[in-house]
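Biologist: I would like to learn how to read a model like this one. Could you walk me through it?

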Amino acid sequence: MKKKLPPSAVFFLLCVCLSACSRNESLPDKRAETIPAYGDAIVEATIGDARTLVPILASDSASGQICGLVFNGLVKYDRDLQLVGDLAERWEVLDGGRVILFHLRPGVRWHDGRPFTSGDVLFTYQKLIDPSVRTPYS
């Protein structure tokens with residue numbers, strides 16, 4: 001007949017095992033001594049691998065999630081699911097909703113230092129509606 005361990009013993013063994021797994025005694029713990037380097041790493045959990053990192057081609061949820069972390073849009077949702085400006089500081093809805101005039105945030109630059117312009121927005125929009133570019137938004 002097998003004896004069952006009391007719940008307190010199981011809890012104690014679990015704590016010992018977890019603490020043993022979380023420490024590596026052969027390596028010194030330098031976390032208190034070092035300051036993370038600027039531009040270090042971010043770890044994000046996802047249910048799958050991204051198929052693409054091109055935002056206008058992202059049709060699966062994993063790609064969309066990662067692109068959402070890496071790229072900016074003209075607008076975004078805040079935590080209350082309200083549209084707020086991102087690359088656009090404000091916008092106007094005109095002509096009965098047929099025209100949206102975006103006012104771009106000043107001082108935004110690409111990674112290479114070139115300024116972000118309305119020409120960049122136009123290029124992206126034209127790619128979104130181009131029938132030869134297979135996007136989920138066309």
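Predicted model: local features only at pLDDT ≥ 70, side-chain atom pairs only at ≥ 80, totals over all residues.

Biologist: How many helices and strands does the protein chain have?

Modeller: There are three helices and four strands. Reading from the N terminus, the order is α-α-β-β-β-β-α.

Biologist: In which sense do strands S3 and S4 pair?

Modeller: Strands count as paired if DSSP finds at least two bridges between them. Here, S3 (residues 88-94) and S4 (residues 99-104) pair in the antiparallel sense, over six bridges.

Biologist: Which residues in S4 are the bridge partners of Leu94 and Val93?

Modeller: Leu94 has Val99 as its bridge partner, and Val93 has Ile100.

Biologist: What lies between the two strands of that hairpin, and which residue takes a positive phi?

Modeller: Four residues lie between S3 and S4, and Asp95 takes a positive phi near 50°.

Biologist: And what share of the residues counts as buried?

Modeller: Buried means under 20% relative accessible area. By that cut-off, 10% of the 138 residues of the protein chain are buried. The accessible surface comes to about 12300 Å², with 59% of that belonging to carbon and sulfur atoms.

Biologist: How should I read the contacts by separation?

Modeller: Take the contacts with a separation of 6 or more: residues 24 or more positions apart account for 18% of them in the protein chain.

Definitions and conventions
Residues numbered from 1 in each chain as written. Heavy atoms only, no water. Buried < 20%, exposed > 50% of the residue type's maximum accessible area, 1.4 Å probe, protein only. Contact = heavy atoms within 4.5 Å. Areas by Shrake-Rupley, 256 points an atom, 1.4 Å probe, with all protein chains shown as cover.
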